[in-house]
Amino acid sequence: MKFLLLGVILILIYFIFFRKKSKVVENSKNSNKEISADEFIPCEKCETLVSEKEAIIVDGKFYCSKECGGVK
Ligand SMILES: [Zn+2]
């Protein structure tokens, strides 16, 4: 009975360790995705790098700010 319990504990420890390892791999994959998803584009006017989310698009061109894009 004690031997069986020890075996279960060992399996649990193995699973916890294995899960942690796989989680690390998942995290590194996610961080890579974040980098590729948040691409930086140079401003058409001043060439300042801006993320795709923050960039202002005027006539299909990317600008870092409204001032560069000529938007008032
Ligand atoms: Zn600019």
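## Glu47 and its loop

Glu47 belongs to the loop between β1 (40-42) and β2 (49-51). Helices (H or I, at least four residues) and strands (E, at least two) are DSSP runs, numbered from the N terminus.

Although Glu47 is not a glycine, its phi is positive, at about 60°. Most residues other than glycine have a negative phi.

## Basis of the model

The structure is a predicted model, in which local features need pLDDT of at least 70 and side-chain atom pairs count only at pLDDT 80 or more, while totals for chains, interfaces and linings use all residues. Residues are numbered from 1 along each chain as its sequence is written.

## The chain as a whole

The chain contains two helices and four strands. Their order along the sequence is α-β-β-β-β-α.

Of the 72 residues in the chain, 6% count as buried. Contacts between residues at least 6 apart in sequence were also examined, and 3% of them join residues at least 24 apart. Two residues are in contact if their C-beta atoms, placed from the backbone, lie within 7 Å.

## Asp59 and its loop

Asp59 is found in the loop between β3 (56-58) and β4 (61-63). This residue is not a glycine, yet Asp59 has a positive phi of about 55°.

## Ser51 in strand β2

Ser51 is part of strand β2. With 12 C-beta neighbours inside 10 Å, Ser51 counts as exposed.

Which residues does Ser51 contact, once its neighbours within four places in sequence are left aside? The residues in question are Asp38 and Phe40. Ser51 and Phe40 stand 11 residues apart in sequence, and their C-alpha atoms are 4.3 Å apart in space.

## Gly70 after α2

Gly70 lies in the segment that follows α2 (66-69). Gly70 counts as exposed because it has 11 C-beta neighbours inside 10 Å.

A distance of 8.4 Å separates the C-alpha atoms of Gly70 and Val58. Along the chain, Gly70 and Val58 are 12 residues apart.

Conventions
Buried ≥ 20, exposed ≤ 12 C-beta atoms within 10 Å, placed from the backbone.
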